[in-house]
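Here is a short note on pairings between side chains. Keep the model open as you read.

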Amino acid sequence: MIITNRSRTTYPVAEKVALLYTNSFNGLLVTILVASVLAFGFIGGEYNNAKLMWWMALMALSMVRLADYFYFKLNGDSQHFNASAALIRFAFGILLTAICWGGYGVFAYFFLQNNNIELTVTLVILAAMVGGAANSLAASKTLTICYAVALLLPFSVCSIFGQYDHLRLLGYIGILFGIAIAINAFRASSFIADAFIFKHNNEKLNAAVASLKRDAEQQQQELEKTKELVQQTQIDLEQEIEKRTEKIFQLSGVDPLTGLLNRTAFTSQVENLVESAAELEHAVALLFIDLNGFKQINDAFGHKLGDSVLEEVASRLSAFCQEQHLGRWGGDEFLIVLPYTDRTSALSVAQAIETSIHQPITLASNQLKLSATIGISLFPEHSDNAMELIQMADVTMYEQKRQGRIEPAVFNTDLYARLKDQQALKDGLVNAIENKQLHLVYQPIVNAQKEGVWAVEALLRWDFNGTPVGPDVFIPLAEQSGLIREIGAWVLNRACIDASRWEFSGAPPVSVNVSVIQLFDDNFLDILDRALASSGLPAERLHIEITESVLADNKEKAIAQIQLIKQRGVQVSIDDFGTGFSSLSQLQTLDVDHIKIDRSFVQDLSAGSETIIRATIFIARELGCDCVAEGIETIEMADQLRRMGVTSLQGYYYSKPISNSALLTWANEFEQQKSTHPEAS
Ligand code: C2E
Ligand code: MG
Ligand code: MG
């Protein structure tokens, strides 16, 4: 509650002390100044010594008060500052000062009454000092009155009751002046007290306003929370209703948006048709229809319009079959089952459907264009199982889409076998590490000039249940499924361990292939560090081979990752150079250590690849990179590339990829050959 009653408000001593001290500084300076004027302004009289002593006493007192003033300035704000003690010190100082002045008044009465000018100046100064104090001591009426009394009373009493008649009037004036100052002191002190009360109340008011504001904010926050809760509950309820509605529709077999059969109802419809077709020995065709460009429409025009498009497509499709033979599989996928329909008729219907869907759809004054990809499966040719027929039509559609073909296609068993094989490989790859089906082989890379071993490339092999699968087949599969991260980490680890044990040919570096997905993986550098640390292989004995495709994926990230790899002392090679889309100038941005010219250029030397190889060698040299040629199969190739300036050579001519244990034998034989045929080097 705000306190407005004055009597209930305390007038803090600290505030009073602060005001007194703050106002006292000017008064002190004036005291020093005018005391000096009185002591030295009328020099030459007989009381010089007495005046000097008075002046020195007042100066000493003023210095002590000045020191006290500065002490207050420095410590007044401190929590431990004792305001009451300061008030006593201040009162003591001010009263002593007043007594000094009062004493000077008595001195003036007795010894200066013959010197009119000096007496007048003295009395004017005394009056001015009292007047000034009424202002500077306004915070305390007691001090003001005591000051005025101590200063004026001695002179006034002497004047009224003394022997000099011409000074009596001055005595009365002094008394009257003192009374006026006292009245003023009462007024000023009450004014200041009011000011303090207002200030105090103001602070309380501000605090009350701030607290009210805080309360209001808190209430607002609580209101927001409740609002959010209500909204969330509403959303939850809506979702629940949606789910239940969906469930009801599902149970009723109807797709809520289009009114067509849903998955379950359509599948059982196909089952029934296939069953009766088997009895009556007629063919059934199943069409899997997927819209092209629907996602873009949905994204650009919103879901509402997207829904209208789907309704329109459903209505167009219903022209090609009976109501119970048309279903929505989900999203923008529709299914049609056609009894008494063979391959030729199915293809004709599919083409007609494509043409129909291709017709512009006008919705909300927008002309929209779609197309459809259709896959077809047939009973009894492909399967007598409804689910299988749907899957077959689906993969046919998907394969058409993948190959960028727009015309409808009928399922073929080769495709199915291929897809099944791929799936089997993908499934097998998941457990390849665990089942110890992966191993590394090594292929040496030879220094073109000295014919020593420059590095050894690690190449991955997969033995899938006794059948070797080439890296050209399983690496892309591992990349597609994301398994390459785990497999790649295994390769890096294994290669580092094997290389750390090589003691032949001056312990050459090992070169490990790293896929783009691996390189861009956030954990790659950790995996790299761990492989080096756990094997103890020095970083400079590890080369990382990446392909140009890193540039196409994310150039900035590739540059940053390569930099981080190189900071560790690991060297980086660009593999299969020339097969990607990067230009020679882009090499500069990648800052790699070696360039490996793809074996297709080496093997096509006679067919005109020479220019490309020469350009690559030139750029590599300009960039300070080593240049490695892959796929060297004959001594002629080796000689020609050496002459062209390639620094290292790799290929079957030197060695096919061999096991880790065979590598040691190869290296020993290679060294021996070199020493028995030194001309080879
Ligand atoms: P790459 O890195 O360019 O490896 C060189 C390929 O050329 C190897 O095939 C090797 O056996 C083959 N080769 C070497 N010299 C000759 C030769 O004189 N003539 C012929 N015709 N071929 C030669 P490979 O081992 O089948 O590897 C194929 C690709 O699979 C590799 O190409 C590499 O891109 C990838 N790959 C192999 N292992 C790994 C791996 O651990 N991780 C990743 N990410 N990719 C790997
Ligand atoms: Mg390689
Ligand atoms: Mg290569």
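1. Start with a definition. A salt bridge is a side-chain nitrogen of Lys or Arg within 4 Å of a carboxyl oxygen of Asp or Glu. This is a predicted model. A search of the whole structure finds 21 salt bridges.

2. Take Asp290 and Lys401. They form a salt bridge, with their closest N and O atoms 2.2 Å apart. Asp290 sits in strand β1, Lys401 in helix α11, and 111 residues separate them, so distant parts of the chain are linked. Asp290 is buried, at 6% relative accessibility. Lys401 is partly exposed, at 33%.

3. Next, Lys596 and Glu457. Their closest N and O atoms are 2.8 Å apart, in another salt bridge. Lys596 is in strand β14 and Glu457 in strand β9, so the pair ties together parts 139 residues apart in sequence. Lys596 is buried, at 1% relative accessibility. Glu457 is buried too, at 3%. Both belong to a network of salt bridges that also links Glu545 and Glu630.

4. Lys566 and Asp591 also meet in a salt bridge, at 3.4 Å from N to O. Lys566 lies in helix α17, and Asp591 in the loop between α18 and β14, 25 residues apart. Lys566 is partly exposed, with 25% relative accessibility. Asp591 is partly exposed, with 44%.

5. Now the cysteines. How many disulfides does a search of the whole structure find? It finds zero. Take Cys146: the closest cysteine sulfur, in Cys100, is 16 Å away, so it is too far for a bond. Cys146 is partly exposed, at 33% relative accessibility. Cys321 is buried, at 14%.

Terms used:
Residues numbered from 1 in each chain as written. Chains lettered and ligands numbered in written order. Predicted model: local features only at pLDDT ≥ 70, side-chain atom pairs only at ≥ 80, totals over all residues. Heavy atoms only, no water. Disulfide = S-S within 2.5 Å. Buried < 20%, exposed > 50% of the residue type's maximum accessible area, 1.4 Å probe, protein only. Helix = DSSP H or I, 4+ residues; strand = E, 2+ residues; numbered from the N terminus.
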